[in-house]
Amino acid sequence: MKLKNFFIMTGAGAALSFAVSCQTESPKVLNGTWIVEAVDNENVDLNGRAYLNITTEDKKLSGKAGCNRINSQITLGKGREISFGPVAATRMMCPDIETENKIIDAIGRVNSYEYRENGNKKTVTLKDSNEKEILSLTDKESFYTFDKINGAWYIVSVNSTPVGETLNTPMLTFETETSKVYGNLGCNTCSGSFSREADNERSIKFGDLAMTQMYCEGMETEDAIKTVLAKVSSFLFDDNGDLLLCDSTGNELLKLVRD
């Protein structure tokens with residue numbers, strides 16, 4: 001009798017264990033903006049310009065495949081089953097159109113998803129009906145880390161006003177490993193450094209910039225850039241992957257696009 005009870009309890013325990021292992025998270029974990037990092041196991045190097053906005057409540061997909069805007073409908077099945085309807089896209093010609101077409105094609109083959117968290121990083125893998133990984137996604141906050149500002153950027157607006165005509169195109173180049181910054185503000189070249197708060201991943205502040213002393217027409221733009229650089233305290237990226245430098249209250253001071 002005791003032996004019989006033992007087997008009954010063991011079977012119940014096994015059934016409980018199986019039930020726990022088969023549980024899946026709510027599809028709500030997919031909500032948000034996801035950067036496409038790979039398609040069919042090939043890395044996508046578009047600096048965040050390929051992204052998917054997923055809203056499971058409204059069952060809508062939107063975003064960009066790199067250049068063209070896209071949207072589609074979402075169908076949710078059992079467990080981790082998910083699929084997308086026909087993808088509607090704008091029709092601009094783009095340098096990365098081949099990669100863009102691969103992303104759109106992959107969206108049409110999605111059959112399920114796998115969601116993972118590793119520390120603060122969140123990732124989603126979208127798979128086809130054969131469980132093959134066809135799209136690798138990283139959430140926007142995890143993707144746009146501080147090192148993503150490294151490199152050269154053109155300044156396109158100051159206080160949300162497009163940059164006016166200048167002798168040279170205003171631009172800044174960031175070296176994140178050395179905390180150095182240099183560039184041209186429209187007339188004069190500049191160089192200096194920036195600092196960050198240890199407990200604030202989005203912080204950035206500029207020190208005094210050394211500048212040449214030429215006079216050019218259109219100095220108003222250069223003066224405006226110098227003024228707002230002294231007020232910068234944080235950075236973020238918009239949906240197009242453009243860099244926004246903001247003040248302490250989050251107001252946009254400078255918008256920069258990658259060279």
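A search of the whole structure, which is a predicted model, turns up 14 salt bridges. Side chains of opposite charge can pair when their charged atoms come close. Let's walk through a few of these pairs and then move on to other spots.

Start with Arg109 and Asp40, whose side chains meet in a salt bridge at 2.9 Å, N to O. Arg109 sits in the loop between α2 (97–107) and β8 (112–118), while Asp40 sits in the loop between β1 (32–39) and β2 (42–43), so this pair ties together parts that are 69 residues apart in sequence. Both ends see some solvent: Arg109 counts as partly exposed at 30% relative accessibility, and Asp40 counts as partly exposed at 26%.

Next come Lys102 and Glu42, with their side chains in a salt bridge at 3.3 Å, N to O. Here Lys102 belongs to helix α2 and Glu42 to strand β2, so the pair ties together parts 60 residues apart in sequence. Lys102 is partly exposed, with a relative accessible area of 31%, and Glu42 is partly exposed too, with 45%.

Now look at Glu131 and Lys127, whose side chains form a salt bridge at 3.6 Å, N to O. Through salt bridges that share partners, Glu114, Arg116, Lys127 and Glu131 are joined into one network. Is Lys127 buried or exposed? Lys127 counts as buried, because its relative accessibility is 11% and the cut-off for buried is under 20%. Glu131, at 47% relative accessibility, counts as partly exposed.

Then there's a lysine without such a partner. Lys64 lies in strand β4 (residues 60–65). Lys64 is buried yet has no salt bridge. How far away is the nearest side chain of opposite charge? That side chain belongs to Asp242, 7.5 Å away, whereas a salt bridge needs the nitrogen and the carboxyl oxygen within 4 Å. What Lys64 does have is a polar contact of 2.8 Å between its side chain and that of Asn240.

What about empty space? Rolling a probe the size of a water molecule over the atoms shows where empty space is left. The count comes to one cavity of 30 Å³ or more, and the largest cavity holds about 40 Å³ of space. Its lining is made up of Asn47, Phe143, Tyr144, Lys148, Trp153, Phe237, Gly241 and Arg258. By class, that lining has four nonpolar, two polar and two charged residues.

The largest pocket has a volume of about 170 Å³. Around this pocket you'll find Asn120, Lys121, Asp139, Glu141, Ser142, Tyr144, Thr145, Phe146, Arg196, Glu201, Arg202 and Phe235. Sorted by class, the pocket lining has six charged, three polar and three nonpolar residues.

Finally, check the backbone at a couple of loops. Asn159 has a positive phi near 50° despite being a residue other than glycine. You'll find Asn159 in the loop between β11 (151–158) and β12 (161–162), and at 42% relative accessibility it counts as partly exposed. Ser179 isn't a glycine either, yet its phi is positive, at about 60°. That serine, Ser179, is in the loop between β13 (171–175) and β14 (180–184), and with 27% relative accessibility Ser179 counts as partly exposed.

How values were computed. Residues are numbered from 1 along each chain as its sequence is written. This is a predicted model: local features need pLDDT of at least 70, side-chain atom pairs count only at pLDDT 80 or more; totals for chains, interfaces and linings use all residues. Side-chain values use heavy atoms; hydrogens and water are left out. On a 1 Å grid over the protein atoms alone, a cavity is a set of points where a 1.4 Å probe fits but cannot get out, and a pocket is an open set with protein on both sides within 12 Å along at least five of seven lines; lining residues have an atom within 4 Å of a point. Grid points are joined across faces, edges and corners, and a volume is the space filled by probe spheres set on the points. Ala, Val, Leu, Ile, Met, Phe, Trp, Tyr, Cys and Pro count as nonpolar, Asp, Glu, Lys and Arg as charged, and the others, Gly among them, as polar. Helices (H or I, at least four residues) and strands (E, at least two) are DSSP runs, numbered from the N terminus. Buried means under 20% relative accessible area, exposed over 50%, partly exposed in between (1.4 Å probe, protein chains only). Lys and Arg count as positive and Asp and Glu as negative; His and the chain ends are not counted. A polar contact is a pair of N or O atoms within 3.5 Å; within protein, one must be able to donate a hydrogen and the other to accept it, and residues adjacent in sequence count only if both atoms are side-chain atoms.
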